[in-house]
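User: Hey, I've just opened this one and I'm new to it. Can you walk me through a few spots?
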Amino acid sequence: MDGNDEYAEIRERASNDPFCGTVGVELADVSGGYAETTLTVGDEHLNFHGTPHGGAVYTLADAAFAAASNSHGDAAFALETNISYLDAVEVGETLRAVAEETHRGGRTAAYEVVVTDGGGDRIATFRGRVYKPG
């Protein structure tokens, strides 16, 4: 990734998010209305069932949503989000979240984030809308 492009500022901000750093979420790519994040599932991400905690999967998807929705240079704030969990994975699996803009209006925008495992199987689907105060 070229840090001198038009997305350098959002790339820098998103890559240095303190919460994502604590959880282990990494920004893989960002461009206009698009972002990818990754998370390698460790023991610290498991719930009491021994599967990845929903909060870890949600955080991965939300980080991609935040980067994609703020990629146009204007501040974007979440209005609503939801997630559907479809499957679980094992420790050591690297999850990938891809956020894509599905609507961009004057003050709002909508995004879909698909979370997949290393084999490309869908683990979760996240949808979110943002408000852009301009």
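User: Which residues is Gly24 in contact with, leaving aside its neighbours within four places in sequence?
Analyst: Thr38 and Leu39. Contact here means heavy atoms within 4.5 Å. Keep in mind that this is a predicted model, where local features need pLDDT of at least 70 and side-chain atom pairs count only at pLDDT 80 or more, while totals for chains, interfaces and linings use all residues. Residues are numbered from 1 along each chain as its sequence is written, and side-chain values use heavy atoms, with hydrogens and water left out.

User: And where is the place of Gly24?
Analyst: In the loop between H2 and E1. Those labels are DSSP runs numbered from the N terminus: helices are H or I with at least four residues, strands are E with at least two.

User: How does Gly24 count at 31% relative accessibility, and why?
Analyst: Gly24 counts as partly exposed because its relative accessibility is 31%. Buried means under 20% relative accessible area, exposed means over 50%, and partly exposed is in between, using a 1.4 Å probe and protein chains only.

User: OK, switching to rings. How many aromatic pairs does the structure hold?
Analyst: Three. Rings of Phe, Tyr and Trp (its six-membered ring) pair if their centres lie within 6.5 Å; planes under 30 degrees apart are stacked, over 60 edge-to-face, and the rest tilted. One of the pairs is Tyr58 with Phe126, which is tilted at 5.3 Å centre to centre and 55° between the planes. That pair links distant parts of the chain, with Tyr58 in helix H3 (residues 54–69) and Phe126 in strand E6 (residues 122–131), 68 residues apart.

User: Are those two buried or exposed?
Analyst: Tyr58 is partly exposed, with a relative accessible area of 27%. Phe126 counts as buried, at 0% relative accessibility.

User: And why is the pair of Phe65 and Phe126 tilted?
Analyst: The Phe65 and Phe126 planes are at 55°, so that pair is tilted; the ring centres are 5.4 Å apart. Phe65 in helix H3 and Phe126 in strand E6 are 61 residues apart, another link between distant parts of the chain. Both Phe65 and Phe126 are buried.

User: Which residues do ring pairs link into a cluster?
Analyst: Tyr58, Phe65, Tyr111 and Phe126.

User: Tyr111 is new to me. What stands opposite Tyr111 in E5?
Analyst: Glu101 does. Strand E4 (residues 94–104) runs antiparallel to E5, joined by eight bridges, and the two form a hairpin with three residues between them. Strands pair if DSSP finds at least two bridges between them.

User: What about E5 and E6?
Analyst: E5 and E6 pair in the antiparallel sense too, over nine bridges. Val114 has Thr125 in E6 as its bridge partner. These strands form a hairpin with five residues between them, and Gly120 in the turn has a positive phi of about 90°.

User: Why is E5 largely enclosed by the rest of the structure?
Analyst: Because seven of the nine residues of strand E5 (residues 108–116) are buried.

User: Last topic, the largest pocket. How much space lies in it?
Analyst: About 290 Å³. Of its 17 lining residues, the closest to the centre are Ala14, Asp17, Ala63, Ala66 and Ala67. On a 1 Å grid over the protein atoms alone, a pocket is an open set of points where a 1.4 Å probe fits, with protein on both sides within 12 Å along at least five of seven lines; lining residues have an atom within 4 Å of a point. The volume is the space filled by probe spheres set on the points, which are joined across faces, edges and corners.

User: Which element gives the largest share of the lining?
Analyst: H3, with six residues.
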